[in-house]
Amino acid sequence: MHQFSIHPMFGTDGWEVAGYHIPFTNSALWMIIAAVGLLIFMIGGMKRELVPGRWQMAVESMTGFVDSMLAANIGPNGKKYVPYIFSLFMFILFANVLGLMPLALFGLHPFTFTSHFSATGVLAIMSFSIVLIVGFWKHKLHFFSLFVPHGTPLPMIPLIFVIELVSFLVRPFSLGLRLFVAMMAGHVLLEVLSGFVISGVNAGLGIGPVVSVLSFILMIAICALEILVAAIQAYVFALLTSLYLNDAENLH
Amino acid sequence: MEAEAAKLVGAGLAAIGAGMAAIGVGNVFGSFLESALRNPGAADGQQGRLFIGFAAAELLGLLSFVVAMILIFVA
C-alpha cells in the first residue's frame, strides 16, 4: 500500500511548531497541483467572450450545473453559496481524477489525498461549521427546532429530538467517511487486481495467461468505474453539503 | 478459535454488508429507471433525490468496509 503513504518532501528541519515538525508532504504537493489545475481551468474559461468557445463552454456548464443544483435544493437564498459549493465540488473532482491519472508511466506517482480521512474530514468539518454558523446566525436559538419536526406528537418529542440530534451530529463523519472510503476502496481494488496480473505472469505458461488476461480486462472495466465513482463522489459531497445548507437556511 | 482467526472471520463476514449495500444501490437505480421510463418528463427533476438515495445506501456498505479494515489493521 505504498501509494497511500505520506512522506515529507522538504521542510523537516528548522520548522517546528509546538514540538511537531511541519514538513511539506506529497499530500500537500498534490493538493497544490489540484488547486493549480483548477486555477488554470478557470482562468482559461473566464475570458467572457460573447460567443463562448469550447473552453469557456466547459467552465460555464460546470458553474451552471452547481448553480442549478443550489437553486433546486435551497431556492433563491442558495445563490450566495455557489462559490463555496463550486470550489468544493471542483477541488474534490480534480483531486479524485488526478489521483487516477496513469502518471506513474512517466515516473511520477500520483497521490490521491482524498483517500485520507484527515483531508476529507477537514472538508466535511468546514461544510458542517458553515451549516452551524449560518443556522445560528440566521435563526438564533430557533435553529434547535430543526430537531423537532412539525406536528410531532407531544409524547414522541424527547425520542424524536434525540434521534434527530444524533443524525445531525453524525453528518460530518458520514460526509468525510464516504468520500475517503470510496476513494481508498477503489485504489485498493485496483492494486489487488494488478497484483493478480503480476502473479499470473510469474506463474508461467499454464494457468498464468488465463488469470492475467481476465484480471487485466476486469481492471480496465474497474478503471472506467473508478472514473465514474470519482465524479459521483464529488457530486454527492457537494449535493449533501447543499442539502445540509438548506436545513440551516430554511429550517424544514 | 484464536483471536487472530476470529478477526479475519469477522472481516470476511463484514463483506456480507458490502454485498447487501450492492443490492441496495441496485434497488435505488433500478426503481429510478423503472419509473423514469414510465414518465420520462419527470425523470430529470428527480436526479438529486436519486443521488441522495444512492449516497445513503452506499454509506452503509462503505461502513462495513471500514469495519473490515478496522478488524484487520487496527483491532
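The expected span of a helix is 1.5 Å times one less than its number of residues. Keep that handy for the exercises below, and bear in mind that you're looking at a predicted model.

**Exercise 1. Work out what span α4(A) should have, and check it against the distance between its end C-alpha atoms.**

Step 1: α4(A) has 23 residues, so at 1.5 Å a residue it should span 33 Å.
Step 2: Now try helix α3 of chain A, residues 82-100.

**Exercise 2. Describe how α4(A) and α6(A) pack.**

Step 1: Look at the geometry. The two axes are 8 Å apart, at an angle of about 140 degrees, and the crossing is right-handed.
Step 2: Pick out the residues that make the contact. From α4(A) they include A:F117, A:T120 and A:L123, while α6(A) brings A:L175 and A:L179, among others.
Step 3: Sort the contact residues by class: you get 9 nonpolar, 4 polar and 1 charged.

**Exercise 3. Locate the largest nonpolar core and see what builds it.**

Step 1: This core has 44 residues, and the ones with the most contacts inside it are A:F89, A:I92, A:A234, A:F237 and A:A238.
Step 2: Two or more residues come from each of α1, α2, α3, α4, α6 and α7 of chain A, and also from α3 (47-74) of chain B.
Step 3: The top contributor is α7(A), with 11 residues.
Step 4: Zoom in on A:F237. Leaving out residues up to four places away in sequence, A:F237 touches A:L88, A:I92, A:L175 and A:L179.

**Exercise 4. Describe the contact between the two chains, starting with how many residues each gives.**

Step 1: Chain A puts in 13 residues and chain B puts in 8 residues.
Step 2: On the chain A side, α2, α6 and α7 each supply at least two residues, and α6(A) has the largest share, with 6 residues.
Step 3: By class, that side of chain A has 10 nonpolar, 2 polar and 1 charged residues.

**Exercise 5. Decide whether A:L193, A:R48 and A:K140 are buried, partly exposed or exposed.**

Step 1: Recall the cut-offs: 20 or more other C-beta atoms within 10 Å means buried, 12 or fewer means exposed, and in between means partly exposed.
Step 2: A:L193, in helix α6 of chain A, has 18 such atoms, so A:L193 is partly exposed. Its contacts beyond four places in sequence are A:S215, A:L218, A:M219 and A:I222.
Step 3: A:R48 sits in the loop between α1 and α2 of chain A. With 7 other C-beta atoms within 10 Å, A:R48 is exposed; its phi is positive, near 55 degrees.
Step 4: A:K140 follows α4(A), with a positive phi near 50 degrees. A:K140 has 9 other C-beta atoms within 10 Å, so A:K140 is exposed too.

Technical notes. Residues are numbered from 1 along each chain as its sequence is written. Chains are lettered from A and ligands numbered from 1 in the order in which they are written. This is a predicted model: local features need pLDDT of at least 70, side-chain atom pairs count only at pLDDT 80 or more; totals for chains, interfaces and linings use all residues. Two residues are in contact if their C-beta atoms, placed from the backbone, lie within 7 Å. Helices (H or I, at least four residues) and strands (E, at least two) are DSSP runs, numbered from the N terminus. Ala, Val, Leu, Ile, Met, Phe, Trp, Tyr, Cys and Pro count as nonpolar, Asp, Glu, Lys and Arg as charged, and the others, Gly among them, as polar. A nonpolar core is a set of buried Ala, Val, Leu, Ile, Met, Phe, Trp, Tyr and Cys residues joined through C-beta atoms within 7 Å. Axes are lines fitted to C-alpha atoms, for helices over the stretch in contact, and angles run from 0 to 180 degrees between N-to-C directions. A crossing is left-handed if the near helix is turned anticlockwise from the far one by less than a right angle, and right-handed if clockwise.
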